Each structure stands twice: as C-alpha cells, then as structure tokens.
Amino acid sequence: MEEMNSQEKPLIRALGGHAEKRPPFWYMRQAGRYLPEYRSLREKAPNFLTFCYTPDLAVEATLQPLRRFRMDAAILFSDILVIPDALGQAVSFREGEGPVLEPIREPRELARLNGGRVLDHLEPVCATVRGVSRALPDGVALIGFAGAPWTVATYMVEGRSGADFALVKRWSEDDPEGFGRLIDLLVEATGDYLLAQIEAGAEAIQMFDSWAGVLSPQGFERWVIEPTSRLVSRIKQRFPQTPVIGFPRGAGKLYERYVLNTGVDAVGLDSDVPVDFAAKVLQAHVAVQGNLNPALLTKGEREMEDAATRILSCLSKGPFVFNLGHGITPATPPEHVARLSELVRNWRGP
Ligand code: 1CP
C-alpha cells in the first residue's frame with residue numbers, strides 16, 4: 001500500500017484551512033505521567049533530559065498514546081527547555097518540583113550561552129523525529145515543536161516554574177535592548193532547531209507560548225508577536241508547505257492581533273477563549289485548535305462530553321483541530337481520554 005503524503009493527512013488539511021467533516025484531534029501533553037506505560041518507560045533513564053536525548057525511549061514515548069487512542073497526530077517527545085540546555089545553560093528537572101535552571105539575569109551573563117552548538121547538541125532529538133516518522137501509522141501526522149522565545153526566556157531568567165515573573169518582566173521593561181539580545185539569540189537557535197526538525201520529518205510545527213498571557217499589550221507586541229513572526233517567516237521561506245500552529249496561552253483579547261500579525265497558519269485556543277468569538281473572529285483568518293478544559297477531562301462524565309460537544313458544534317464548520325486548552329494533567333484517568341477520543345472520532349456534525 002502506498003503511504004499517504006503529508007498534504008492528504010487530515011491534520012495537515014485542517015491546518016491548511018479545510019473544514020473536515022470529522023475534525024482531526026490530538027492532545028497537548030498526550031504522552032506523559034497519566035499513562036502507566038509512560039511511567040515504566042521513564043524509569044529506564046536516570047533523569048528527564050537523558051530520557052529526551054535517548055531516541056529509542058523518546059520514540060516509544062511519542063507512540064504510546066497513539067496505540068491507545070489513535071489520534072490524528074503524534075507530537076515529538078521532548079521539552080521546550082532543551083533549547084536553554086543546548087545553549088549551555090545548566091538545566092535540571094527535579095521530581096515533583098519541575099525544571100530548575102541556573103538563571104541569567106543581565107546582558108553580560110549572555111556570554112555564557114553559545115548558539116553554535118545547538119544543532120549538534122539536539123541531534124538526538126532529530127534522530128527521534130526520524131524514528132517516529134518511520135513508525136507512524138498511516139494518515140497520522142508528526143508535529144514538531146519548540147517553546148516560543150518569550151516563554152523559554154521566562155524560564156531562563158526566573159530559573160524555575162511557578163515564579164511570579166517579576167524578574168523577567170523587570171528586565172524586559174527596564175532594559176529592552178539587553179533583553180532583546182536574549183530574545184534574538186532564542187529566535188536564531190529556535191529557528192535552526194525547528195528547520196532541523198522539519199528536515200528530519202516533522203510535518204507541522206507548534207510553538208508553545210505558555211506564558212504569553214502575563215505581558216502588557218506593548219510587551220505582547222514586542223516579545224510575543226515580533227519574535228514569533230520572525231520565526232514563522234524563516235520557516236516559511238524554506239518550507240512554505242509546513243503549517244505552523246501558534247499557542248499564545250492567556251492572550252485574551254490579543255488573540256486577534258496575534259493571528260493577524262504573526263503569519264501562523266493555525267492558533268491554539270486556551271480554555272478561556274469563547275468558542276463563538278473564535279468561530280467568528282479568528283477562524284475567518286486561520287485554522288483554530290482547542291480548547292476543552294483539561295480539568296473536565298480529569299473529571300470525565302457528562303460534563304466533559306457536553307463541553308466537548310459544544311466545542312465541536314461551534315468550531316467544526318470551519319478549519320478546526322480538536323484539542324485541549326492546555327496539557328493533560330498527570331491525574332487524568334486514561335479511560336476518560338479513551339471516551340473523549342471516541343466521541344470526537346464519531347462526530348458527524350450537530
Ligand atoms: O519526568 C517527567 O516525566 C517530567 C514531566 C514532563 C513531560 C512528560 C516534562 C517536564 N516535560 C514533558 C514533555 C513535554 N513537554 C512535551 C512532549 C510530550 C507531549 O506533549 O505529549 C511537550 C510538548 C512539552 C512542552 C512544555 N514543557 C511546555 C509547553 C506546554 C505547557 O504545558 O504549557 C512547558 C511550559 C514545559 C516546561 C516543563 N517541562 C516539564 C515541566 C514540569 C515543565 C514546567 C511546566 C510549568 O512551568 O508549569
């Protein structure tokens with residue numbers, strides 16, 4: 001049997017602006033600790049970054065959720081913080097605590113970073129992309145990803161998650177030129193990395209801007225829209241056919257500006273975006289993806305099903321990819337994910 005080419009796959013068609021009768025679906029953080037088979041695989045590596053840099057393990061982690069739930073897309077198993085690691089910043093992941101980085105807080109500390117080693121350092125991630133690409137079930141698309149520069153910078157400057165962003169906000173406001181050099185470095189490194197993922201077999205790209213929502217409108221323009229649009233142009237120059245999904249979580253009213261000014265093909269909606277607004281305003285310009293509240297997936301039952309049905313009814317008339325509004329949480333029962341996947345797969349219109 002001949003393999004389906006990328007442009008015929010449901011995910012790629014939807015991201016390209018087609019309204020599919022049965023919308024394609026996948027879930028942010030679809031691999032991970034809510035799956036028992038992930039937890040046992042994870043024990044085979046001494047720490048999380050080594051796990052990400054061991055292609056056999058990362059390929060298997062990428063494929064695990066597909067076997068259970070038959071999504072329309074696989075997402076590369078890696079993390080957004082491999083970029084600071086590749087730039088030479090010390091990054092570690094502590095159990096139960098999340099990532100810890102040796103923080104960079106002023107321009108002179110940028111000298112610690114080296115953009116020249118990024119591709120060598122991340123070669124194992126590209127090997128994972130090639131491995132998944134070979135093993136992909138027919139019709140399933142492979143999504144590559146990176147953190148958007150602003151979000152990666154928040155971790156690099158604060159040094160951990162769960163911070164109040166006081167330090168990164170202060171640096172970006174008080175010394176936009178110095179902070180801009182960090183962002184420029186990230187645009188460059190992230191662009192190299194995403195192009196390498198596409199060369200290795202990624203068929204679409206998602207840029208996670210998980211902390212886009214903490215910026216003022218001016219900050220959003222300068223640190224979210226501007227760097228994202230530079231990255232999108234660089235990708236489009238080399239690979240005009242590869243769709244780019246942007247996920248500016250928490251952008252609220254600024255979602256529209258993001259869609260109009262970054263050049264993304266599709267936008268990921270967090271759970272706070274009203275679906276009627278998305279249908280009327282955003283879907284006129286790009287494909288939309290989202291946005292079931294992950295807390296409802298953890299809960300399951302009628303509430304989850306009713307919410308998913310509302311989203312499908314409202315957004316599936318235009319180009320649409322069903323997803324969550326943020327990542328699956330570790331407490332989610334896999335049976336709920338199975339039930340939701342069945343609901344979406346059997347959807348044939350309201
Ligand atoms: O030991 C473990 O298993 C650690 C848990 C874990 C996993 C499974 C982390 C630590 N990262 C990942 C994988 C991951 N991260 C993927 C691939 C898997 C998939 O999607 O199926 C992806 C796409 C990410 C992206 C990611 N990492 C984001 C953006 C999405 C989001 O959730 O907003 C962010 C912010 C991170 C940073 C990160 N990595 C891990 C943790 C605990 C965190 C911190 C999150 C926070 O600050 O709240």
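Predicted model: local features only at pLDDT ≥ 70, side-chain atom pairs only at ≥ 80, totals over all residues.
Visitor: Leaving aside neighbours within four places in sequence, which residues is Leu11 in contact with?

Guide: Leaving aside neighbours within four places in sequence, the residues in contact with Leu11 are Pro24, Trp26, Asp72, Ala73, Ala141, Ile143, Ala204 and Val321.

Visitor: Is Ile205 buried or exposed?

Guide: Ile205 is found in strand S5 (residues 204-209). The cut-off for a buried residue is under 20% relative accessible area. Ile205 has a relative accessible area of 0%, so Ile205 is buried.

Visitor: What surrounds Ile205, and how many Å apart are Ile205 and Leu76, C-alpha to C-alpha?

Guide: Leaving aside neighbours within four places in sequence, Ile205 is in contact with Ile143, Gly144, Leu194, Gln197, Ile198, Ile235, Thr242, Pro243, Val244 and Ile245. Leu76 lies 129 residues from Ile205 in sequence. From C-alpha to C-alpha, Ile205 and Leu76 are apart by 10.0 Å.

Visitor: Is Lys280 buried or exposed?

Guide: Lys280 belongs to helix H13 (residues 275-282). A residue is exposed when its relative accessible area is over 50%. Lys280 has 68% relative accessibility, and therefore counts as exposed.

Visitor: What separates the C-alpha atoms of Lys280 and Cys314?

Guide: Along the chain, Lys280 and Cys314 are 34 residues apart.

Visitor: Why do the buried residues of helix H9 count as being on the same side?

Guide: In helix H9 (residues 166-174), the residues Val168, Trp171 and Ser172 are buried. They are on the same side of H9 because the arc they cover around the axis is only 95 degrees. An α-helix has 3.6 residues a turn, so residues three or four places apart point the same way. On the other side of H9, the exposed residues are Glu173 and Asp174.

Visitor: Which helices do the buried residues of H9 pack against?

Guide: The buried residues of H9 include Trp171. The helices that the buried residues of H9 pack against are H8, H10 and H11 (217-238).

Visitor: How much space lies in the largest pocket, and which element gives the most to its lining?

Guide: The largest pocket holds about 1,200 Å³ of space. It is lined by 38 residues, of which Arg29, Arg33, Phe48, Asp79 and Phe93 are the closest to its centre. Two or more lining residues come from each of helix H2 (36-42), strand S2 (91-94), strand S3 (98-101) and helix H8 (149-158). With 3 residues, the element that gives the most to the lining is H2.

Visitor: How many charged residues are in the lining of the largest pocket?

Guide: The lining of the largest pocket has 18 nonpolar and 11 polar residues. Its charged residues number 9.

Visitor: Which helix gives the largest share of the lining of the second largest pocket?

Guide: About 220 Å³ of space lies in the second largest pocket. Of its 15 lining residues, Arg70, Met71, Pro137, Asp138 and Val140 are the closest to its centre. The largest share of the lining, 3 residues, comes from helix H4 (residues 55-69).

Technical notes. Residues numbered from 1 in each chain as written. Heavy atoms only, no water. 1 Å grid on protein atoms, 1.4 Å probe; cavity = no way out; pocket = protein on both sides within 12 Å on 5 of 7 lines; lining within 4 Å. Points joined across faces, edges and corners; volume = space filled by probe spheres on them. Helix = DSSP H or I, 4+ residues; strand = E, 2+ residues; numbered from the N terminus. Nonpolar A, V, L, I, M, F, W, Y, C, P; charged D, E, K, R; others polar. Buried < 20%, exposed > 50% of the residue type's maximum accessible area, 1.4 Å probe, protein only. Contact = heavy atoms within 4.5 Å. Arc of directions from axis to C-beta.
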